[in-house]
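Open the model in your viewer and keep the sequence panel beside it. The stops below say what to select next and what is there.

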Amino acid sequence: MKTNASRSGAPPLPVPGAPVLSPSVQSAPVQSGAASRRGRARYWAVRELVTVGVFAALTKVSSLLVALVGGGMNPLTLVLKNLVFTVLALVLLFKLRKPGTLLLFTLVNVLVSMLLMGGGFFLLPSMLVAGLAAEGIILLLGGYRNEMALVAGIACYDILFKAGSFGVSWLFVREQPELLWFTGVVVAIGYVGALAGLPVGLRFLRELRHAGIVHE
């Protein structure tokens, strides 16, 4: 009889004196294991980290190319370099739509600058302050799902970073007023390019959406 019952697929008989567990109790370890795996899920996926790295590298490579083609430091190259940076940063924020993207992009940008050109260390404090302030403005204006919040965040980042760069320059050349005036003009021209990058970036985003590269 025992052999026939096991072959027919009937459930085994309970052993006298053994505790009987309910189905919810039996599945509790499985559910808790799944919950713990979900809790240990990383905030940044590998694909997102690669995207941030690629955009940071693109900003530096494009800046070098613009400087080489433009013949060095002149108003045109300053405008174009800042325009390209703003456009790429705006596209990155619209592509990932995750809080902390701008700050992470800033950190990776500094690392790429240090690896490629050996500089950027002295600009790190102003970039971090600008990135944190821009992240706060984006959250206050509705978060990363609000398009105007992203535009305002990039605009805030540009002006704060330029102001911080001017402050760092003042620390080094405050004894030479003519160099300080020259630095101020360079920063102002660069911010003009950053402001021009906002409408250009929005136009570029519309084209990327038509192509299906960036989604709503």
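Select G193, which is buried, with a relative accessible area of 0%; buried means under 20% relative accessible area, with a 1.4 Å probe and protein chains only. This is a predicted model, in which local features need pLDDT of at least 70, side-chain atom pairs count only at pLDDT 80 or more, and totals for chains, interfaces and linings use all residues. Residues are numbered from 1 along each chain as its sequence is written, and side-chain values use heavy atoms, leaving out hydrogens and water.

G193 sits in helix α9, residues 177–211; helices are DSSP runs of H or I with at least four residues, numbered from the N terminus. Now show what G193 touches: V79, N82 and L83, not counting residues up to four places away in sequence. Contact here means heavy atoms within 4.5 Å.

Next, select V52, L93, L102, F105, I154 and Y157, the residues with the most contacts inside the largest nonpolar core, which has 37 residues. Such a core is a set of buried Ala, Val, Leu, Ile, Met, Phe, Trp, Tyr and Cys residues joined through side-chain atoms within 4.5 Å. Its largest share, 11 residues, comes from α5. Center on F105: among the residues it touches are V52, F55 and F85.

Last, go to helix α8, residues 147–173. Its 27 residues should span 39 Å at 1.5 Å a residue, and its end C-alpha atoms are 39 Å apart, which agrees. The expected span is 1.5 Å times one less than the number of residues.

Methods:
Helix = DSSP H or I, 4+ residues; strand = E, 2+ residues; numbered from the N terminus. Buried < 20%, exposed > 50% of the residue type's maximum accessible area, 1.4 Å probe, protein only.
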